[in-house]
Amino acid sequence: MKSPLKKSIGEVVTDYGARVMKVFKKGLLQRSLFDFYGDVKADKLRVKESASVPATPIDGDGGVMYTKSADGKLYYKSNEVAEVEISSSGATLTTEQVQDIVGDMFTSNTETRISATYEDSDGTIDLVVDAIPVDLTSDGAGTIHINNVPALNQSTTGNAATATLATNAQGITGAADGDVTITSDGEVTVKLDSDNDESNQKFKITNNADSVVFSVQEDGVVSMAGSTINIDGSNSNLELNSGSDIILEADNAGGGNTSTIQYLDAGGTNRIILGADSDVAILSNRASNGTVQIRANTSTAGGSGEVTVVTVEDDKVAISQDLDVTGTLNVKTTNATGSPFISFSQTTTRRAFIQLADNNADFENHLRIASEYGPVSIAVASTDGSDTDTVYLMVEPTGVFKFGARDADAVLTTDGNMTFRIDADNDETGQKFSFENNASTEVGSLDESGNLSVTGNVLPGITYVKILPSDFMPDDAGRPAMIDDTGSDRWLESHGTAKLFAYVDIPVGFKATHVDIYGSATSAVTVYHADINSKTVTSKGTGNIGTQINITDINSTATNYILIELAQASGEEVYGGKLTIAKI
C-alpha cells in the first residue's frame, strides 16, 4: 500500500495504482473524513450517539447516519429524504431512497478521467471515460514523436520485443537522443534538447492546418501567430518578470496590418496593474518618424468616435483632449537653463509660457510667467455661471500693475520709482489707500487729496531729542541765565551760583532712557519725572555734566515731561544736551 498524504490530505492507493480511499478533510479532534472507492467490509460498524440531531446535508452532499442518545436508535436523513429510523425491524427504504443514497455516493466526488453522474429522473448512473490525449507524429526520418502525453508512472526500457517496466519511473523520452523529456512530480516539465547537442529547439503547438500558433524556444522566447491571449476571471493576471517585454509586430509591408493591445470590457473593469517600482514603455521601433498613439473610443456625432488622445512623435507629446490631473503634475526639462518648460501657443504670435529664469542677473531659479502677445492677468470666474470674469491682477506689457475690480481703480507702476494711483479712471469719489489690522479695522489711510489719517502714533525713526540752551531757565534766585558773547565763542551761563532748569517733552509712542548734558565742568545733574498738571516731581537718576546718565525708563503719557536740574558753579559754561529715546 502507498499513502502519499500531505498534511493528512490525499489518496491511499495500492502498489498497482488502484485507489482505495481518499482523505479529503481533517476533522475536529484529529478525526479525518474519508471517501471510499470500493466496498467497506468490517465485522462491526459503530455509530456514536449524538445528543442533537445533525444538520440536514445540502443537495449533493449525500446523507448522514446517526444514533440519538435519547433513544439509542439508528437514523438516516439527506436533503431529499426526511429522517428515517433504520434500526427498527419494520424500517424499509423505498426504491427512490435507495437510488438517492447510491446516487449521492457517485455524484460530486473526485474521479480521474471518468465522470459519474446520477440521473434522478430514471434512477440510473452515467459513467463517461475521458479520452487520453496522445498524438503521434512522424518527421519522415523514422522517428516517432509523442505529443500531449500525460504524466505516467511507468516507463519502458529495451526494445519492443523485450520491453520491461521500470519501478516508479517517471517521464516519457521522445527521440533516441532524448531531445524531448516529459517529467511529472506534482508539476509537468517539458525539456527541450536534453543532451544539448542541437540548437534552436522549440516546443510548438499547431492548429489543424499544421500551422504553428504558439511556440517556446530554448532561450525562453514565446511566439504567437494570429492568436489571442484571453485572460478570463476576476483574479486572472498576466505577469512579466523583470526585464521581460511584450513586443507587437505589424505586417505593414504585407497589408498594413497593425498590432494592438485591446481592452474591450464595456463595464470598464479591464486594467493594466503594475507592482512597485515597475515601468511601462510603449515604443515604436521604426527607423524614423516613429509615432506612438493612445486612442480612446468615445461616442461622438457622426461616427464611432475613436479619437487619438495622446500622440508621441519625434520626442514631442501632443494631447488632443482635456488634461485632467488628479495627482501631482511634475514637468521637467533637460534643455538649456531658462528654456520654457510649459508653453501655450495659439498662433505664431499669440504665445505664452512658464519657465525657470536664466541663472544670471540675480534671477537664478526664479519662476517666470510671460506672454508674448498681451498682458498677464489673474481673474476669477463669475459666481452666477456666466462667462464674465473679474480681473483682480493684471500686468501690462509696459510694466504697469493693475489690481482691484474690473475698472482697475488701483494702478501700481514702477520704473525705479514706485507710483500708486487711486481711482485710475476717475469715475468715483472718496477713494483712498487704507491699512487695516488683523481685526479688519482701518488703522490708517491716504485719500486722493493727499490727507493722511492714522489711528495710532506716527513714530519717526529717531533715537534722541536735542536739548538747546534756550530750553534752560534760572531758579528763583532772581539772577538771569545769559549768553556770553564777549569773545568769538558762545555759551550759556547763570549769574553766580544760581541753578539752571531745562524742560524736555517725550515724543508720543517713545520712552526716555538716558540724559547727556555738555559743558565746561562736571557739576551735578538731577533728572526728574514731572507732569503739566502737578507740581510733584520724582527723581529718576543723577550724574554729572559731561557723563551720560542712565535713568529709569519713563514712557510718554498725555501729561508728563522730563525736568533736568544743573547745580553749576559761578562762571561755568553750559552748551546744551540730548535726551535718548526708544520706541515703546
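Residues are numbered from 1 along each chain as its sequence is written, and side-chain values use heavy atoms, with hydrogens and water left out. Because the model is predicted, local features need pLDDT of at least 70 and side-chain atom pairs count only at pLDDT 80 or more, while totals for chains, interfaces and linings use all residues.

Strands are DSSP runs of E with at least two residues, and helices are runs of H or I with at least four residues; both are numbered from the N terminus. Two strands are taken as paired if DSSP finds at least two bridges between them. Strand 4 (residues 49-50) and strand 5 (residues 63-68) pair in the parallel sense over two bridges, and Glu-49 stands opposite Thr-67 of strand 5. Strand 5 is also joined to strand 6 (residues 74-78), here by five bridges and in the antiparallel sense. Within this pairing, Gly-63 has Ser-78 of strand 6 as its bridge partner. Strand 5 and strand 6 make a hairpin with five residues between the strands, in which Gly-72 takes a positive phi near 75°.

An open sheet of three strands has the order 17-18-19, with antiparallel pairing. Strand 17 (202-206) and strand 19 (222-224) each have a single partner strand and stand at the edges, so one side of each is left without a neighbour in the sheet. From one strand to the next, the twist averages 10°; axes are lines fitted to C-alpha atoms, for helices over the stretch in contact, and angles run from 0 to 180 degrees between N-to-C directions. Strand 18 (residues 212-217) is joined to strand 19 by three bridges, and Phe-214 has Met-224 in strand 19 as its bridge partner.

Another open sheet consists of five strands in the order 35-38-43-40-41, again with antiparallel pairing. Its edge strands, strand 35 (472-474) and strand 41 (534-544), pair on one side only. Neighbouring strands of this sheet are turned by 25° against each other on average, direction ignored. Five bridges connect strand 38 with strand 43, and the bridge partner of Tyr-503 in strand 43 is Leu-563. Elsewhere, strand 36 (residues 481-484) and strand 37 (residues 491-494) run antiparallel and are joined by four bridges. The two form a hairpin with six residues between them, and Asp-484 has Trp-491 of strand 37 as its bridge partner.

A nonpolar core is defined as a set of buried Ala, Val, Leu, Ile, Met, Phe, Trp, Tyr and Cys residues joined through side-chain atoms within 4.5 Å. Buried means under 20% relative accessible area, exposed over 50% and partly exposed in between, with a 1.4 Å probe and protein chains only. The largest core has 24 residues, and those with the most contacts inside it are Phe-472, Ile-517, Ile-562, Ile-564, Leu-566 and Leu-579. Among the elements that give two or more residues to this core are strand 34 (464-467), strand 39 (510-519), strand 40 (524-531) and strand 44 (574-583). Strand 39 gives the most, with four residues. Phe-472 touches, among others, Leu-492, Leu-500, Ile-517, Leu-566 and Val-574, not counting residues up to four places away in sequence; contact means heavy atoms within 4.5 Å.

Three aromatic pairs are present. Rings of Phe, Tyr and Trp (its six-membered ring) pair if their centres lie within 6.5 Å; planes under 30 degrees apart count as stacked, over 60 as edge-to-face and the rest as tilted. Phe-433 and Phe-435 form an edge-to-face pair, 4.9 Å centre to centre with 85° between the planes. Phe-433 counts as partly exposed at 29% relative accessibility, as does Phe-435 at 44%. Tyr-503 and Tyr-561 form a tilted pair, with 5.9 Å centre to centre and 50° between the planes. This pair links distant parts of the chain, 58 residues apart, with Tyr-503 in strand 38 (residues 500-504) and Tyr-561 in strand 43 (residues 560-567). Tyr-503 is partly exposed at 39% relative accessibility, whereas Tyr-561 is buried at 17%. Lys-578 lies over the face of Tyr-464, at 5.2 Å from the ring centre.

How values were computed:
Lys NZ or Arg CZ within 6 Å of the ring centre and 35° of its normal.
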